[in-house]
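Welcome! Take a look at the sequence and the 3D view, then read on.

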Amino acid sequence: MMDRLRDLGVNLLGARNRAIGELVLEVPASLDADALGYSAKVAFLHADKAAEPWARYTGRSVTSTQPAL
């Protein structure tokens, strides 16, 4: 199937990235990662690029770059 899609001119990497980018708009990235076999880190990167509020989902651990007060 991949060969057929390539023959038709479909950019498979672009299509895959677009699909996960759309999916993180609908569902929390951590759930997408589990469902698709991605790491949570990769799914959150896609969510960040999509500027999706789920990227700030409470299940995400955030590392602060600012010094503690």
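A salt bridge here is a side-chain nitrogen of Lys or Arg within 4 Å of a carboxyl oxygen of Asp or Glu. The side chains of R6 and D3 form one, with 3.6 Å from N to O. Please keep in mind that this is a predicted model, where local features need pLDDT of at least 70 and side-chain atom pairs count only at pLDDT 80 or more, while totals for chains, interfaces and linings use all residues. Residues are numbered from 1 along each chain as its sequence is written, and side-chain values use heavy atoms, with hydrogens and water left out.

**The overall picture**

- The protein has four helices and zero strands; helices (H or I, at least four residues) and strands (E, at least two) are DSSP runs, numbered from the N terminus.
- Read from the N terminus, the order of elements is α-α-α-α.
- Of the 69 residues in the protein, 19% are buried; buried means under 20% relative accessible area, exposed over 50%, and partly exposed in between (1.4 Å probe, protein chains only).
- Among contacts with a separation of 6 or more, 37% link residues 24 or more positions apart; a contact means heavy atoms within 4.5 Å.

**The salt bridges**

- How many salt bridges does the structure hold? There are two.
- R6 and D3 sit three residues apart in helix α1 (residues 2–7), so about one helical turn separates them.
- R6 is partly exposed at 45% relative accessibility, whereas D3 is exposed at 55%.
- R18 and E22 make another salt bridge, at 3.0 Å from N to O.
- Both R18 and E22 belong to helix α2 (residues 12–26), where they are four residues apart, about one turn of the helix.
- R18 counts as exposed at 56% relative accessibility, and E22 as partly exposed at 37%.

**A look at helix α4**

- H46 is found in helix α4 (residues 40–49).
- Is H46 buried or exposed? H46 is buried because its relative accessible area is 16%.
- Leaving aside residues up to four places away in sequence, H46 touches N17, I20, G21 and V24.
- L45 also lies in helix α4, and L45 is partly exposed, with a relative accessible area of 46%.
- L45 and G21 are 24 residues apart along the chain, and their C-alpha atoms are separated by 9.4 Å.
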